[in-house]
Amino acid sequence: MRQTVLGLALILTTALAALALADTGIASATAILVLWGLGYGAVPVTFQTWILKSAPDDTEAASSLYVSAFNLSIALGALLGGFAVNALSTTSVLWLGAALAALTLLVAAGRRTAETR
């Protein structure tokens with residue numbers, strides 16, 4: 001699961017930074033958004049699988065924790081993204097998203113569990 005999370009974080013970081021840097025042509029934006037969509041589309045499934053594997057005897061509690069955390073992250077992302085657009089620019093949201101995805105990449109790469117020791 002760790003390799004999948006690392007791959008998704010890399011895809012999302014690349015796509016968000018590329019969208020912030022690229023011209024606004026239809027072809028380039030479409031290609032980048034397809035890349036982002038493929039990466040982000042796998043995020044819910046990956047994290048839900050990871051949390052269910054982490055708590056095989058408490059799947060209901062793990063599922064509710066996952067759904068709560070996922071929905072809270074959506075709400076906080078919308079709130080903070082709105083603040084960033086108002087205070088900075090629309091492109092700032094792309095850079096903030098890329099920074100958060102890169103942070104995820106660093107945390108997932110550096111985190112060691114009993115499985116990896």
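Predicted model: local features only at pLDDT ≥ 70, side-chain atom pairs only at ≥ 80, totals over all residues.
Is Gly41 buried, partly exposed or exposed?

1. Gly41 belongs to helix 2, which covers residues 26-41. With a relative accessible area of 46%, Gly41 is partly exposed, because that class runs between the 20% limit for buried and the 50% limit for exposed. Do look across to Leu8 as well: Gly41 and Leu8 are 33 residues apart along the chain, and their C-alpha atoms are separated by 9.4 Å.

2. Thr46 sits in helix 3 (residues 43-54) and has a relative accessible area of 6%, so Thr46 counts as buried, the limit being under 20%. A polar atom of the Thr46 side chain lies 2.7 Å from the backbone oxygen of Ala42.

3. Which residues does Thr46 touch, leaving aside those up to four places away in sequence? They are Met1, Thr4, Val5 and Leu8.

4. Please also have a look at the largest pocket, which holds about 1200 Å³ of space. Its lining numbers 29 residues, and the closest to the centre are Tyr40, Ser73, Gly77, Gly97 and Leu100.

5. Several helices share in that lining: helix 1 (2-21), helix 2, helix 3, helix 4 (59-87) and helix 5 (90-110) each give at least two residues. Helix 4 provides the largest share, with eleven residues.

Definitions and conventions
Residues numbered from 1 in each chain as written. Heavy atoms only, no water. Helix = DSSP H or I, 4+ residues; strand = E, 2+ residues; numbered from the N terminus. Buried < 20%, exposed > 50% of the residue type's maximum accessible area, 1.4 Å probe, protein only. Polar contact = N/O pair within 3.5 Å; in protein donor to acceptor, adjacent residues only side chain to side chain. Contact = heavy atoms within 4.5 Å. 1 Å grid on protein atoms, 1.4 Å probe; cavity = no way out; pocket = protein on both sides within 12 Å on 5 of 7 lines; lining within 4 Å. Points joined across faces, edges and corners; volume = space filled by probe spheres on them.
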